[in-house]
Amino acid sequence: MKRSASSSTFSRVWPNATAVLLVVGLLFPVYWMFATAFKPTPDIVADDPVWFPTNVTFQHFQTAVNADNFWTLVRNSLTVTVLAVAFSLILALAGSFALARMRFKGRKGFVIGFMVAQMAPWEVMVIAIYFIVRDADMLNSLIPLTLFYMVMILPFTLLTLRGFVAAVPKELEESAMVDGCTRPQAFVKVILPLLAPGLMSTSMFGFITAWNEFPLVLVLNKQAESQTLPLWLSQFQSQFGDDWGATMAASSIFAVPILILFVFLQRKAVSGLTDGAVKG
């Protein structure tokens, strides 16, 4: 029995309409944050909401960037995030190659251990981490943050890249070695370029994870000069009271690096996450 034309049209329209509503619902808070950052204070506190900023002002951004230690915290956040992502990628590349290409005793248990580490909520270890860092006399330092962020990122990075390495035919690597390449050279010249989607997706995930991390820096770094932007953002409203324009401007500044990274890497990142999840 053939379906009616109205039923067929409805079956095509409702998934798209649902998707549009979801996208609008998810993006509206982001839009409102940026819009509020550019509104003058009278428009922000008006009884009737001003949906589109007409009198654009940059005063709130000036207030945010002129806050104490702002540029120091930007440098701290970029330092620990970039180093943690870089170190995790280096270790994950070596580990993923070993797991995908080599057969050794305890290999499956090693993979299961990384999966458990990925699932376990690391926040339960904050107290233990604090005592370790305190006993090492490294409180208020960026080094422990970098190391622990790297450990947070590493399981996902290694397991994702393992799928990509396993998807690369061994014949390509063997052909390069027949042509005179050593195994490390074959890896760099043949396998590494094929891992670009996986590297991009894991880099973006690692960057977002480290950039947004809050509890660890709250516990380990009490000095203002050694903190990062998430902690500064949580304290911003207490510094400026009910200055919602400055608060939204600070939130917008904090979100910009992630948005830029996502815009440039989103195509490769999406394919990287899906491919790495089903291969290997």
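This is a predicted model: local features need pLDDT of at least 70, side-chain atom pairs count only at pLDDT 80 or more; totals for chains, interfaces and linings use all residues.
Author: Residues are numbered from 1 along each chain as its sequence is written, and side-chain values use heavy atoms, with hydrogens and water left out.

Reader: What makes α8 oblique to α9?

Author: The axes of α8 (residues 170–178) and α9 (residues 183–194) come within 9 Å and cross at roughly 140 degrees. Angles under 35 degrees count as roughly parallel, over 145 as roughly antiparallel, 65 to 115 as roughly perpendicular and the rest as oblique, so α8 is oblique to α9. Angles run from 0 to 180 degrees between N-to-C directions, and axes are lines fitted to C-alpha atoms, for helices over the stretch in contact.

Reader: Which residues of α8 and α9 meet?

Author: Leu-172, Glu-173, Ala-176 and Met-177 of α8 meet Arg-183, Ala-186, Val-190, Ile-191 and Leu-194 of α9, where contact means heavy atoms within 4.5 Å. By class, this contact of α8 with α9 has seven nonpolar, no polar and two charged residues; Ala, Val, Leu, Ile, Met, Phe, Trp, Tyr, Cys and Pro count as nonpolar, Asp, Glu, Lys and Arg as charged, and the others, Gly among them, as polar.

Reader: Why are α9 and α10 called oblique to each other?

Author: The axes of α9 and α10 cross at roughly 60 degrees and come within 4 Å, and the two helices are therefore oblique to each other. Leu-192, Pro-193 and Leu-194 of α9 make the contact with Ala-196, Pro-197 and Leu-199 of α10, and by class the contact has six nonpolar, no polar and no charged residues.

Reader: What is the volume of the largest pocket, and which residues are closest to its centre?

Author: The largest pocket has a volume of about 370 Å³, and of the 15 residues that line it, the closest to its centre are Ala-117, Trp-122, Val-151, Met-152 and Pro-155. On a 1 Å grid over the protein atoms alone, a pocket is an open set of points where a 1.4 Å probe fits, with protein on both sides within 12 Å along at least five of seven lines, and lining residues have an atom within 4 Å of a point. The volume is the space filled by probe spheres set on the points.

Reader: Which helix supplies the largest share of that lining, and how do its residues divide by class?

Author: The largest share, five residues, comes from α7, and the lining divides into 13 nonpolar, two polar and no charged residues.
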